[in-house]
Amino acid sequence: ILNQVADIFLEDTTFRVEVQGHTDNTGNADMNLQLSKDRAKSVKNYLINKGVEEGRLSSEGFGDTKPVVPNNSAANRDKNRRVELEVEF
């Protein structure tokens with residue numbers, strides 16, 4: 001999927017993206033925040049290595065503060081451990 005994202009960046013140079021990292025609520029909140037930042041930065045670096053201009057990318061981690069579903073089951077926790085790309089025009 002990230003290779004396809006990189007291809008889109010290379011085809012259309014008119015937008016920027018914030019790479020947003022998220023975690024579930026398992027474990028220490030401070031560690032989850034750092035994990036989410038590392039997760040987002042890893043995706044950002046991957047895209048840069050694929051040729052995307054660094055200036056078109058920013059990254060931020062949100063820890064467990066923005067779940068997409070309640071963290072009440074293993075399946076839901078899996079969904080909350082994610083990276084999202086927010087397009088900025």
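Which strands does helix α2 (residues 29-49) lie across? Helix α2 lies across β1, β2 and β3, and runs at about 160° to β2. Contact here means heavy atoms within 4.5 Å. Axes are lines fitted to C-alpha atoms, for helices over the stretch in contact, with angles from 0 to 180 degrees between N-to-C directions. Helices (H or I, at least four residues) and strands (E, at least two) are DSSP runs, numbered from the N terminus.

A word on the model: it is predicted, so local features need pLDDT of at least 70 and side-chain atom pairs count only at pLDDT 80 or more, while totals for chains, interfaces and linings use all residues. Residues are numbered from 1 along each chain as its sequence is written, and side-chain values use heavy atoms, leaving out hydrogens and water.

**The sheet**

The three strands form an open sheet in the order β2-β1-β3, with mixed pairing. Because β2 (57-61) and β3 (82-88) stand at the edges with a single partner strand each, one side of each has no neighbour in the sheet. On average, neighbouring strands of this sheet are turned by 20° against each other, direction ignored. Strand β1 (residues 16-22) pairs with β2 in the parallel sense over five bridges; two strands pair if DSSP finds at least two bridges between them. Q20 stands opposite E60 in β2.

**A buried lysine**

K44 belongs to helix α2. K44 is buried but has no salt bridge, and the nearest side chain of opposite charge, E54, is 4.3 Å away. Buried means under 20% relative accessible area, exposed over 50%, and partly exposed in between (1.4 Å probe, protein chains only). Lys and Arg count as positive and Asp and Glu as negative, with His and the chain ends not counted. Apart from neighbours within four places in sequence, K44 is in contact with V19, E54, L57, S58 and S59.

**Salt bridges**

A salt bridge is a side-chain nitrogen of Lys or Arg within 4 Å of a carboxyl oxygen of Asp or Glu, and by this rule there are four.

R16 in strand β1 and E88 in strand β3 link distant parts of the chain, 72 residues apart. R16 is partly exposed at 34% relative accessibility, and E88 is partly exposed at 27%. In another pair, E84 is partly exposed at 29%, whereas R82 is buried at 13%. Finally, D24, D78 and R81 are linked in a network of salt bridges.
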